Amino acid sequence: MRLVVDTNVLVSALLVSTSLPAWLVVLWREGVFDLLISAEQMEELTRVTRYPRIRERLVPALAGRLINELREIAVVVNDLPTLAVCADPYDNYLLAMASAGAADFLVTGDKRDLLGISHYEGTRIVTVRDFLTLNKRLP
């Protein structure tokens with residue numbers, strides 16, 4: 001199974017170790033699914049984890065560990081197609097990753113834009129809770 005996980009979910013996992021996003025990261029580390037990543041998302045994750053309001057709540061070593069693991073273990077998707085599907089143009093790269101990487105799921109907390117699409121090509125767009133429930137992986 002192949003997943004694109006929105007940056008907001010990855011950041012949530014870093015901020016609250018007992019959250020469902022954190023459990024999703026644990027499952028990825030255990031090899032339950034392949035996580036797709038792109039250079040664009042790595043840049044976004046690095047940038048967001050440096051925001052002052054995030055840094056004051058985040059242990060920098062945790063962010064560094066996740067970023068290193070993503071570089072080493074995640075499946076890198078290159079040559080993303082240019083899309084104009086999502087109302088938020090900054091989320092189009094996630095749909096492009098899903099398309100180019102043949103993702104089964106795009107997991108997000110973006111209720112306003114991405115979740116409203118629900119499916120893109122062969123990718124189902126769901127919340128963390130919905131993904132864990134569908135796959136019988138709730139903690």
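Q41 sits in helix 3, residues 39-48. Helices here are DSSP runs of H or I with at least four residues, strands are E runs of at least two, and both are numbered from the N terminus. This is a predicted model, in which local features need pLDDT of at least 70, side-chain atom pairs count only at pLDDT 80 or more, and totals for chains, interfaces and linings use all residues. Residues are numbered from 1 along each chain as its sequence is written, and side-chain values use heavy atoms, with hydrogens and water left out.

Is Q41 buried or exposed? Q41 counts as buried, because its relative accessibility is 1%. Buried means under 20% relative accessible area, exposed means over 50%, and partly exposed lies in between, using a 1.4 Å probe and protein chains only. Leaving aside residues up to four places away in sequence, Q41 touches V5, D6, T7, L10, L36, Y93, L94 and M97. A contact means heavy atoms within 4.5 Å.

Follow one of those contacts to Y93. Y93 lies in helix 6, residues 92-100. Y93 also counts as buried, at 14% relative accessibility. With residues up to four places away in sequence not counted, Y93 touches T7, S38, E40, Q41, E44 and L80. G64 is another matter: its C-alpha atom is separated from that of Y93 by 23 Å, and the two residues are 29 apart along the chain.

Now step back to the whole chain. It has eight helices and six strands. From the N terminus, the order is β-α-α-β-α-α-α-β-α-β-α-β-β-α. The radius of gyration is 14 Å, close to the 14 Å that the globule rule gives for 139 residues, so the chain is as compact as a globular protein of that length. That radius is taken over C-alpha atoms, and the rule is 2.2 Å times the number of residues to the power 0.38. Along the principal axes, the C-alpha atoms fill a box of roughly 35 × 30 × 30 Å. Of the 139 residues, 48% are buried. Among contacts with a separation of 6 or more, 62% join residues 24 or more positions apart.

What lies inside? The largest nonpolar core has 32 residues, and L24, L70, V107 and F131 touch the most other members. Such a core is a set of buried Ala, Val, Leu, Ile, Met, Phe, Trp, Tyr and Cys residues joined through side-chain atoms within 4.5 Å. Helix 2 gives the most, with six residues. A second, separate core of 17 residues includes V4, C86, L94 and I125.

Seven of its ten residues are buried, so helix 2 is largely enclosed by the rest of the structure. The buried ones are L20, P21, A22, L24, V25, L27 and W28. They pack against strand 1, helix 1, strand 2, helix 5, strand 4 and helix 8. L24 itself touches L3, V5, V9, F33, V107, V128, F131 and L132, not counting residues up to four places away in sequence. After helix 2 comes G31, with a positive phi near 85°.
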